[in-house]
Amino acid sequence: MAEGSDTTLTAEQTTEHAPNGLVSGIKSFAAGHGGAKAVIEYVGKRGARIVLVGEDGVWADQFADDTVVARQACAKAGVTVENAWERELMDQMRPSNDLWRSMGRRTMAR
């Protein structure tokens, strides 16, 4: 058998860069809320959801093509990415009154 790269498995490296609109949206949120932290969630074919939590407790989300692009966008925007939903980060979140109202209208399916 000949030696070479045909028997070596390599991971494909994506060359996509974070879109400027995504980076500016993250920067804008962080600037308007005294800084921010992010949690990136994989959401299948749709890509990745970036949940931003501001220092004031306000939160929002953005979508990226994949988790690599999401991490690049957060890095360019200067926002720290948390590895998981830590208790301190969840305690910091303050849902809006509109969100509480919408959750109150939902009923559990049985």
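Reply: The sheet and its surroundings

Ile50 stands opposite Gln62 in E3, where helices (H or I, at least four residues) and strands (E, at least two) are DSSP runs numbered from the N terminus. The model is a predicted one, in which local features need pLDDT of at least 70 and side-chain atom pairs count only at pLDDT 80 or more, while totals for chains, interfaces and linings use all residues. Residues are numbered from 1 along each chain as its sequence is written, and side-chain values use heavy atoms, with hydrogens and water left out.

The pair of Ile50 and Gln62 belongs to an open sheet of four strands, ordered E3-E2-E1-E4 with mixed pairing; two strands are taken to pair if DSSP finds at least two bridges between them. Because strand E3 (59-64) and strand E4 (80-82) stand at the edges with a single partner strand each, one side of each is left without a neighbour in the sheet. From one strand to the next the twist averages 30 degrees, with axes being lines fitted to C-alpha atoms, for helices over the stretch in contact, and angles running from 0 to 180 degrees between N-to-C directions.

Strand by strand, E2 and E3 are antiparallel and pair over six bridges, and within this pairing Leu52 stands opposite Ala60 in E3. The hairpin of E2 and E3 has four residues between the strands, and Gly57 there takes a positive phi near 95 degrees. On to E1: this strand runs antiparallel to E2, and seven bridges join the two. Ala38 stands opposite Leu52 in E2, and the bridge partner of Ile40 in that strand is Ile50. The pairing of E1 with E4 is parallel and covers three bridges, with Ala38 standing opposite Val81 in E4.

E1 and E2 also form a hairpin, with five residues between them, and Gly44 in its turn has a positive phi of about 70 degrees. Gly44 lies 22 residues from Asp66 in sequence, and their C-alpha atoms are 8.8 Å apart in space.

H1 lies across E1, E2 and E3, and runs at about 170 degrees to E3. H2 packs on the sheet as well, touching E1, E2, E3 and E4, and its direction makes about 175 degrees with that of E1. E2 is mostly covered, with six of its seven residues buried; across the protein chain of 110 residues, 26% count as buried.

Ile26, in helix H1, is buried with a relative accessible area of 0%. Not counting residues up to four places away in sequence, Ile26 touches Ile50, Leu52, Gln62, Ala73, Cys74, Ala77 and Val79, a contact meaning heavy atoms within 4.5 Å. Ala73, one of these partners, is 47 residues from Ile26 in sequence and 7.8 Å away in space, C-alpha to C-alpha. Leaving out residues up to four places away in sequence, Val79 touches Ala30, Ala36, Lys37, Ala38, Leu52 and Cys74 as well as Ile26.

Two points complete the account. The charged end of Arg46 sits over the ring of Phe63, 3.9 Å from its centre, a charge being counted as over a ring if NZ of Lys or CZ of Arg is within 6 Å of the ring centre and within 35 degrees of the ring normal. Among contacts in the protein chain between residues at least 6 apart in sequence, 54% join residues at least 24 apart.

Conventions:
Buried means under 20% relative accessible area, exposed over 50%, partly exposed in between (1.4 Å probe, protein chains only).
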